[in-house]
Amino acid sequence: MHHSLEIITLHKPQSLTQTKTETETMAKSPETEHPNKVFGWGARDKSGVLSPFHFSRRDNGENDVTVKILFCGVCHTDLHTIKNDWGYTYYPVVPGHEIVGIATKVGKNVTKFKEGDRVGVGVITGSCQSCESCDQDLENYCPQMSFTYNAIGSDGTKNYGGYSENIVVDQRFVLRFPENLPSDSGAPLLCAGITVYSPMKYYGMTEAGKHLGVAGLGGLGHVAVKIGKAFGLKVTVISSSSKKEEEAINHLGADSFLVTTDPQKMKAAIGTMDYIIDTISAVHALYPLLGLLKVNGKLIALGLPEKPLELPMFPLVLGRKMVGGSDVGGLKETQEMLDFCAKHNITADIELIKMDEINSAMERLAKSDVRYRFVIDVANSLSPP
Amino acid sequence: MERLSGEKEQSVEAFGWAARDSSGHLSPFVFSRRNTREEEVRVKVLYCGICHSDLHCLKNEWHSSTYPLVPGHEIVGEVSEIGSKVSKFNLGDKVGVGCIVDSCRTCESCREDQENYCTKAVATYNGVHHDGTINYGGYSDHIVVDERYAVKIPHTLPLASAAPLLCAGISMYSPMKYFGLAGPDKHVGIVGLGGLGHIGVRFAKAFGTKVTVISSTTGKSKDALETLGADGFLVSTDEDQMKAAMGTMDGIIDTVSTSHSISPLIGLLKSNGKLVLLGATEKPFDISAFSLILGRKSIAGSGIGGMQETQEMIDFAAEHGIKAEIEIISMDYVNTAIDRLAKGDVRYRFVIDIANTLAATRS
């Protein structure tokens, strides 16, 4: 836990230097901190139980867009956060960063959106907007970047996420939702989609005919299969059980399915993959996955388990293989991803739930019992008491 | 000596030093080598560098050593015999032989000048030749090798200090090129200032790359900065220094082969930075997924280089006057040298003067 804290401190000072600002705002309650009362669901401790929560949001500033939330995807990060798996949750927390809604107000400097537009808000809602990363449209790597929830925003107050009626966001961090992309099944693209799309582009996994392994078939994994096929790749799903095989091949379009607990099949697959997108959220062994890579192969680790990964060295040195990370994507790239998915009719496979079903959904998510993303029907089920 | 054609059954006597068991103690050893085949050259060994891998193998640390074991894969010598189909070399040419002496020649790696990554690559010593015999390395009077796995040494490169380039040199040159760390707008960190590290600094400077040596030994600072020309020296055990250097490096080449923590090294990388590991320890590293995800960083491995690249590296070294800092020793000093190497007591490579001191040890 401490180790993770260290990393977060070093990379995102905004999120952790709670000191004075937090104390000041703590004197005000979440409800009175800002002028506009908002209703949502939040978790108050590491039991992770979510329940009705009253808080407030700022007025819509010159650069802001206010979004009435229609749908919000349930990301595994939401679960990690409400349970304080990573040791830096500041309760009370309102999760949710796969938000689709309608712009109800736009500030006077806002040029990209008008009232009534269908928009998306993803994982990031703030950055310094002046560093090298920001200048290169890589707000996700800005050292001052702030997350949509459980982070300190640029106004010095805590951010609350999309399990709520509305959200107020700087226009730079708002996305245009393409016409033919449904709001409900498109919502998960705002995190799951960009999280796999960005490394696939960056690490060159777009050469038709190359072979991609997707480890883990959950929210990220199933979208990676669809995007991989759209790039013209051969896709193999790598999973610890065969129960998702039929669906992976017939419904998602994967070319093959590899069960990691089948030693013969694993042996036959050694040295066959150009890249692996590893979406597994629990601690797992990297060694067998590295063996599947060809020489010069790359494994991109996207899952964030609470314990460290064990990285064996010999496979890396003997085959010049690489293990890399990736953190969502910049806003420009996120828009590019949405447009790409709209063009290729890529949406997430979802299970729509009501707000008050969220706790049982979280329990099921912890057991990977969802095909493949829960999405909260916020507009129709979030009713203030 | 004439060019030979066809195969002859009798072998040629050879003399070297070998270890007979995992004590790693070396002593005189008479053995034989095959006749020179059509595409092979026989090389009279002049110098052989002592690599840390020799030490690992002598002591059977990788559990794959076969005794008697004749180490040595930083070989510089002179061609004394040529097979009838040899086209790259002439008699008397100065050549180098490095870490591999064969590969399958048909796989994708072999076809793309990456023989070092061929799963069937054969090591110069302790490797098994395709005829089933064990290979003996460069701590000996001569070696026979297919011309594909030998490189030409330009006459402008002094021979003794060229020997370490055959392993240490290519091990640093290859990843710096492949991972985009060669160039004036780049900053590379080099962990460990030993055989590989010190040559890495010289290559980096020749590339125009800014280079910082990262070491736990403060005593090496003067050497790093003055003798080798590094731009900076970072003491890895100094928390303040390490903190101040966070997010400053495009890449780090880690030459340390013993177990150590790599998390602080990841912190030194800029966004998109790469940590390249050259030493392979048995125990896996623990890394936090966060440390890679935040900043899109990566960890990769690298091992020597292909034959074409090795020649390119040698030519580059000749052009830029890059040579290793060496301590030339006589053959009978080798056990002491190995002991000193185990303690890191060498600046920065031992090179055995085979031509002048091996024969005398034969009683």
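This is a predicted model: local features need pLDDT of at least 70, side-chain atom pairs count only at pLDDT 80 or more; totals for chains, interfaces and linings use all residues.
Residues are numbered from 1 along each chain as its sequence is written, chains are lettered from A and ligands numbered from 1 in the order in which they are written, and side-chain values use heavy atoms, with hydrogens and water left out.

**Stop 1: two helices in chain B.** Select helix α4 (residues 168-178) and helix α10 (residues 307-320) of chain B; their axes are 10 Å apart and the packing angle is about 100°. Helices here are DSSP runs (H or I, at least four residues), numbered from the N terminus, and axes are lines fitted to C-alpha atoms over the stretch in contact, with angles from 0 to 180 degrees between N-to-C directions. α4(B) and α10(B) are therefore roughly perpendicular (65 to 115 degrees).

Now show the side chains at the contact (heavy atoms within 4.5 Å). From α4(B) come B:Gly169, B:Ile170, B:Tyr173, B:Ser174 and B:Lys177, and from α10(B) come B:Glu309, B:Thr310, B:Glu312, B:Met313 and B:Phe316.

**Stop 2: stay on B:Phe316.** Rings of Phe, Tyr and Trp (its six-membered ring) pair if their centres lie within 6.5 Å; planes under 30 degrees apart are stacked, over 60 edge-to-face, and the rest tilted. B:Phe203 lies in helix α5 (residues 195-207) of chain B and B:Phe316 in α10, so the pair ties together parts 113 residues apart in sequence. B:Phe203 is buried at 0% relative accessible area, and B:Phe316 is buried at 14% (buried means under 20%, with a 1.4 Å probe and protein chains only).

**Stop 3: over to chain A.** The aromatic pairs over all chains come to 19. For one of them, pick A:Tyr197 and A:Phe231: the ring centres are 6.0 Å apart and the planes at 35°, so this pair is tilted. A:Tyr197 is in helix α7 (residues 192-202), and A:Phe231, 34 residues away, is in the loop between α8 (219-230) and β11 (234-239). A:Tyr197 counts as buried at 2% relative accessibility, as does A:Phe231 at 12%.

**Stop 4: charges over rings.** Show both chains and find A:Arg320, which lies over the face of B:Tyr178, 3.5 Å from the ring centre. Then select B:Arg296, whose charged end sits over the ring of A:Tyr202, 3.5 Å from its centre. The rule asks for NZ of Lys or CZ of Arg within 6 Å of the ring centre and within 35 degrees of the ring normal.

Methods: Angles under 35 degrees count as roughly parallel, over 145 as roughly antiparallel, 65 to 115 as roughly perpendicular and the rest as oblique. Buried means under 20% relative accessible area, exposed over 50%, partly exposed in between (1.4 Å probe, protein chains only).
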